[in-house]
Amino acid sequence: MSNEIIEGILEAIYLIFTLNPEVWSVIEVSFRVSLISTFLAALVSLPIGSFIGLREFRGKRFLSNLINTFMGFPPVVMGLIVFLLLSAGGIFGSLGLLYSTTAMIIAQFLLAVPIIIGTGKAAIESVDPALKETVLSLGANERQLWWELIKHSKKSIIAGFLVAFGQAISEVGAVMIVGGNIRWATRTFTTSIVLQTRMGEFGMAIALGIILISIAFILNYGLTLLQGGDK
Amino acid sequence: MSERRPLKTIISEHKIVFLIIFILIIGCSFGTFFIFDVLSAQNPNRIMLATTTSTYDSGLLDYLLPEFTQKTGIEVLVLSVGTGQALVYGEIGDVDVILVHSRSREDAFVNDSDGKTPYGINRACVMYNDFIIVGHENNPAELLPNDNITIVMTKLKESIDAGNSTFYSRGDGSGTYSKELSLWSYISVTPDVDWFGQPKKYTETGQGMADTLQMTNQDANSQGYTLIDRGTWLSFNDTYTTLKILAKSVVGEDNLLNPYGVIPVNPDLHSHVKYTSVLRFVGFLTSDYGQNLINSYTKNGEKLFHAAFGMCNTTHNCPTTEEEVSFWTNYQQEFT
């Protein structure tokens with residue numbers, strides 16, 4: 001099997017440098033789905049998460065537990081739920097969105113929302129309470145306080161975003177169910193690796209794995225620089 | 001010389017502008033894809049085919065479909081699932097046409113008795129390939145090349161009973177599993193994980209063909225056997241060199257032959273299916289042109305599928321009615 005790994009590495013280099021259209025289609029679909037879903041989720045979840053983190057209200061403990069539970073929601077179950085909603089007999093069946101990238105984005109979005117809410121809330125809560133008091137004593141209103149806290153916890157917030165993105169791009173069950181692993185249309189890194197392994201094309205499978213890991217590494221590195229946390 | 005200001009400063013001075021641009025980019029890109037996906041779902045030149053993993057993994061469809069698309073402009077999107085799942089997708093109308101291999105369940109799919117609206121109409125037999133039984137070279141069940149299927153199954157049963165062999169079964173809703181059950185039924189055995197006091201000698205993997213083959217290969221005592229379609233086997237026979245073909249169809253017997261049927265989903269039941277495009281697709285598969293393409297597809301020098309439209313009747317345990325043959329003749333003209 002070690003031969004397979006060396007072959008896989010060589011094949012990966014070959015596929016990337018020859019701009020293999022199939023590999024590019026897989027890269028494009030994976031990133032389109034993961035990036036759009038995580039960014040959309042961030043837009044929705046950050047305000048909610050920071051609001052929950054900032055305020056004290058009745059039922060907060062219950063809500064926190066609920067969010068924590070959903071942070072570990074099994075992706076295949078989410079896939080199944082979205083499948084049933086978008087299937088021809090489902091509530092949104094008439095849109096014909098099953099087996100499209102939109103369906104995949106919806107499933108990934110729903111998985112990412114609790115993760116980003118949860119990490120955003122924890123980030124805001126972990127800011128030193130002294131800072132909160134100082135900012136308030138300087139006459140800041142709630143909006144200004146919120147902004148200050150966000151700025152102070154931005155590293156944790158970006159980390160939460162990365163966790164959500166990492167989950168989205170490495171997830172296989174949900175995108176397989178709602179995307180259907182259709183060539184040139186909804187095939188991602190992970191579903192393609194499953195298929196190639198099943199077909200005995202280990203070289204191609206390893207090549208895709210290597211490309212996926214490399215791209216994720218580069219992206220993470222870039223975001224760490226953006227965070228300013230190069231220590 | 002003007003001082004270059006770091007990007008960070010520029011961004012923090014115009015937070016709101018950047019935030020709005022950012023939201024717009026994300027929103028617009030999602031919106032674009034959403035609209036694109038809704039529109040392409042209505043596009044009549046884009047049909048959805050559910051088929052079995054064994055057909056898809058063999059590479060046959062990647063070979064046939066570009067020809068069809070080139071001739072008609074119709075794009076065929078393929079979902080590669082088990083036969084059971086493909087039939088369910090057809091029943092609920094998530095796909096336009098199915099290509100499967102399980103005759104009894106295909107018959108149930110097109111069954112219109114008692115005034116029932118069938119899930120699919122105008123089934124056509126397209127091709128067949130064959131199943132083989134592979135196992136480790138030492139062959140504890142002592143299968144011989146000319147054993148017919150009854151003898152093979154009897155020997156396997158006796159060997160499992162004695163604890164000398166392990167059979168790896170798919171144990172899922174696949175066409176291969178249906179075939180396996182029917183082979184056991186020839187010797188009146190209903191396999192069970194407990195296997196009459198020999199637990200762990202009959203293993204239901206619950207996984208795909210390739211995974212099941214892998215588990216057979218990994219059998220701790222090198223005593224594993226499994227039933228597999230020839231196409232999948234040819235993809236892996238280089239990898240698993242200790243496994244050999246130990247039983248195959250003998251002359252005059254068609255129990256191990258594996259006929260594939262294509263069935264359009266009934267537009268009376270699901271008005272959204274793209275029936276007109278499906279008729280052209282089936283016309284293509286069953287035309288002389290399509291049938292020749294199927295016959296010319298090889299892997300490692302071996303022919304994987306045998307075209308069989310219109311002649312399943314007599315030889316391959318897969319009856320086709322005259323009515324079906326004449327129905328599809330009309331749609332084959334385009335491809336001659």
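Colleague: At what angle do helix 2 of chain A and helix 5 of chain A pack, and how far apart are their axes?

Modeller: Two packed helices are described by the angle between their axes and by the distance between those axes. In this predicted model, helix 2 of chain A and helix 5 of chain A pack at about 35 degrees, and their axes are 6 Å apart.

Colleague: Is the crossing of helix 2 of chain A and helix 5 of chain A left-handed or right-handed?

Modeller: Helix 2 of chain A passes helix 5 of chain A in a right-handed crossing. Sorted by class, the contact of these two helices has 19 nonpolar, eleven polar and three charged residues.

Colleague: How many residues does each chain give to the contact between chain A and chain B?

Modeller: Chain A gives 25 residues and chain B gives 27 residues. On the side of chain A that touches chain B, the elements giving two or more residues are helix 2 (21-54), helix 5 (101-125) and helix 10 (189-198) of chain A. Helix 2 of chain A has the largest share of that side, four residues.

Colleague: What classes of residue make up the side of chain A that touches chain B?

Modeller: That side divides into 13 nonpolar, ten polar and two charged residues.

Colleague: Let us turn to the cores. Which residues touch the most other members of the largest nonpolar core?

Modeller: The largest nonpolar core has 102 residues, and Val178(A) and Leu49(B) touch the most other members. Helix 5 of chain A gives the most to this core, 14 residues.

Colleague: Which residues does Leu49(B) touch, leaving out those up to four places away in sequence?

Modeller: With those left out, Leu49(B) touches Val76(B), Leu77(B), Val78(B), Leu79(B), Val95(B), Val97(B) and Leu99(B). There is also a second, separate core of 24 residues, which includes Ala141(B), Leu227(B), Ile228(B) and Ala247(B).

Colleague: Now chain B as a whole. How many helices and strands does chain B have?

Modeller: The secondary structure of chain B comes to 14 helices and twelve strands.

Colleague: What percentage of the residues of chain B count as buried?

Modeller: Of its 336 residues, 43% count as buried. As for contacts in chain B between residues at least 6 apart in sequence, 76% join residues at least 24 apart.

Technical notes. Residues are numbered from 1 along each chain as its sequence is written. Chains are lettered from A and ligands numbered from 1 in the order in which they are written. This is a predicted model: local features need pLDDT of at least 70, side-chain atom pairs count only at pLDDT 80 or more; totals for chains, interfaces and linings use all residues. Two residues are in contact if their C-beta atoms, placed from the backbone, lie within 7 Å. Ala, Val, Leu, Ile, Met, Phe, Trp, Tyr, Cys and Pro count as nonpolar, Asp, Glu, Lys and Arg as charged, and the others, Gly among them, as polar. A residue is buried if 20 or more other C-beta atoms lie within 10 Å of its own, exposed if 12 or fewer, and partly exposed in between; C-beta atoms are placed from the backbone. Axes are lines fitted to C-alpha atoms, for helices over the stretch in contact, and angles run from 0 to 180 degrees between N-to-C directions. A crossing is left-handed if the near helix is turned anticlockwise from the far one by less than a right angle, and right-handed if clockwise. A nonpolar core is a set of buried Ala, Val, Leu, Ile, Met, Phe, Trp, Tyr and Cys residues joined through C-beta atoms within 7 Å.
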